[in-house]
Amino acid sequence: MMEVVLAGNPNTGKSSLFNMLTGSYEYVGNWSGVTVEKKIGKLKGDRGRLTDLPGLYSLNPISRDEAVASRFLIDEPFDFILNVVDASQLERNLNLTMQLLECGKPLAIGLNMIDVAKQKGCHVQVDRLSDLLGVRVVPLVARTGKGCDQLLGMLAATSRELEQASTEADSGNIFSKTEPYLVPYGDVVEEGIARLIRLMPPEIRFPRWMAVQFFEGNPVVRDLLAAHVDPEQLDSLLRWAELEIAQRDGARTLSLYIRKKRAEHIAMLVRQCTVQTRGEASSLTEKIDRIATHKFWGIPFFLFFMYLTFKLTFEWVGSPLSDLLDGFINGPLRSGTGWLLDRMGAGSLIQAVIFDGIFAGVGGVLVFVPQIFILFFIISFIEDSGYMARIAAVMDRLMETVGLNGKTFIPMIIGFGCNVPGIMAARTIEQPKERLLTIILTPLMSCSARLTVYSLFVGIFFSGSSGVYCAFLVCAGNRGRACLG
């Protein structure tokens, strides 16, 4: 059975494509030794098994998710890489593609969001991109399933080709004949790569990729090489390369030089395979983004959005629905149950249990279900619409005042619904200190259990403007807890 790896940047439709290719039949767990989620599914038609790597921008890790991807490529057996690329952000997405191609494994590109690229006036010449990279490129709209059948057919054909080639190859391993993609890094880096490859033992997988990642500063690759190559030789080679790059090109660091060369190569590829036509007028999303991510108006816009959230939850929609539910429970349902118990001849004890226990206890909790449902619904909308990521960017400067970054705000917002998934979301924060501080502060956020208490207080003391006072109470309370933390 062919083992396929699904890799791509965050927010490129990778999860949608995974569901389309597997029919949402998946096994969800954690990668060994880390609390990073992994998904494994069986491809439709029993064509193989699909492993979904965490969304990542680079194989040089700055987060646990990216470290998981590097370790997977180094340690785990797999046959094929399916790289999801956002056609509307082609230049940014190809940074990961270049690094995957340098591994030398069989690879295909799922060019997703071609409809979005077309709306922006960008036409990607699929055949030209395929020729330049030497891989198959399949245009997709994973959200609607367009192109997924073609991609499944390509995977099935690839599986048959790999099986046939592996049985015919003398070594029994067709991948030993696969050549990595060559990004031109210049004479100094290429010489350093050649010298490092000569130091590597034969069992090292993807020697060129390992060499490039070592010079780029990948800590996972460096640790692995240090176990097979004399660390003094590695340090000496690294110092030589850095000195030569500084003298010849004036680069500050070797890693920045490599990224610059890769970016220049990607820009050249994009120019050759894209045609920028006359774009349409700015979409509604772009118009909203100008306000939602504005340097000055972004935070007031967010506060206004949260104000609307609480008004909808506690006044405009939630409160009327709660009143209707309360009226039904303590009205027709209670009287009908009483009539039924009288006809059945139920004793006073049974009636006390039902009315004073079930109706008073369970009914008193159920009246808050509409408010909690609306709150969770709005939070889900914030996440699915992409506004959550924009909030993180806008709030970055504000969160710096308490020693955190914008990503911290996402677990805190999720903490409004429940602190447990909020704490789990903190795993995407790169710095251990910031991640630990976020985990400590998130349980102090006003989750749905606390919001019910707030709604009780504001309903009693501020019935005329309960939404305004509840929003003030939540924001003031959370700001005070953050400063205290």
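This is a short walk through the structure, one selection at a time.

Before you start clicking, know that this is a predicted model, where local features need pLDDT of at least 70, side-chain atom pairs count only at pLDDT 80 or more, and totals for chains, interfaces and linings use all residues. Residues are numbered from 1 along each chain as its sequence is written, and side-chain values use heavy atoms, with hydrogens and water left out.

**Stop 1**

Select Asn11, which sits in the loop between strand 1 (2-8) and helix 1. Helices (H or I, at least four residues) and strands (E, at least two) are DSSP runs, numbered from the N terminus. Asn11 is not a glycine, yet its phi is positive, near 60°. Is Asn11 buried or exposed? Asn11 is exposed, at 65% relative accessible area. On this tour, buried means under 20% relative accessible area, exposed over 50%, and partly exposed in between (1.4 Å probe, protein chains only).

**Stop 1**

The rule for a salt bridge is a side-chain nitrogen of Lys or Arg within 4 Å of a carboxyl oxygen of Asp or Glu. By that rule, the count comes to eleven salt bridges. Side chains of opposite charge can pair when their charged atoms come close.

**Stop 2: Glu216 and its two arginines**

Next, pick Glu216 and Arg259. Their side chains meet in a salt bridge at 3.5 Å, N to O. Glu216 belongs to helix 8 (residues 207-216) and Arg259 to helix 11 (residues 254-273), so this pair ties together parts 43 residues apart in sequence. Glu216 counts as buried, at 4% relative accessibility, while Arg259 counts as partly exposed, at 38%.

Keep Glu216 and show Arg262. Here is another salt bridge, 2.9 Å from N to O. Arg262 is in helix 11 and Glu216 in helix 8, so the pair ties together parts 46 residues apart in sequence. Both Arg262 and Glu216 are buried.

**Stop 3: two more residues around here**

Select Phe206, in the loop between helix 7 (187-199) and helix 8. Phe206 is not a glycine but has a positive phi of about 55°. Phe206 is buried, with a relative accessible area of 11%.

Then go to Glu264 in helix 11, which is partly exposed, at 39% relative accessible area.

**Stop 4: the cysteines**

How many disulfides are there? The count comes to zero, where a disulfide is a pair of cysteine sulfur atoms within 2.5 Å. Select Cys122 and Cys273 to see an example: the closest cysteine sulfur to that of Cys122 is in Cys273, 8.3 Å away, too far for a bond. Cys122 is buried, with 17% relative accessible area, and Cys103 counts as buried too, at 6% relative accessibility.

**Stop 5: an enclosed space**

Select Ala292, Gly298, Ile299, Phe302, Tyr387, Ile391, Val394 and Met395, which line the second largest cavity. Helix 13 (298-316) and helix 17 (387-394) are the elements that give two or more residues to its lining. The volume of this second largest cavity is about 30 Å³, and a search of the whole structure finds two cavities of 30 Å³ or more. On a 1 Å grid over the protein atoms alone, a cavity is a set of points where a 1.4 Å probe fits but cannot get out, and lining residues have an atom within 4 Å of a point. A volume is the space filled by probe spheres set on the points, which are joined across faces, edges and corners.

**Stop 6: a nonpolar patch**

Finish with Val453, Leu456, Phe457, Ile460, Phe461, Phe462, Val468 and Tyr469, a nonpolar surface patch with about 760 Å² of accessible area together. Such a patch joins nonpolar side chains (Val, Leu, Ile, Met, Phe, Trp, Tyr) within 5 Å, from residues with over 30% relative accessible area and no salt bridge. Areas come from the Shrake-Rupley method with a 1.4 Å probe. Helix 22 (448-461) and helix 23 (466-484) each supply at least two of the patch residues, and helix 22 gives the most, with five. Click Phe461 in helix 22: Phe461 is exposed, at 59% relative accessible area.

Notes:
Patches are made of residues with over 30% relative accessible area and no salt bridge: like charges are joined within 9 Å, nonpolar side chains (Val, Leu, Ile, Met, Phe, Trp, Tyr) within 5 Å. On a 1 Å grid over the protein atoms alone, a cavity is a set of points where a 1.4 Å probe fits but cannot get out, and a pocket is an open set with protein on both sides within 12 Å along at least five of seven lines; lining residues have an atom within 4 Å of a point.
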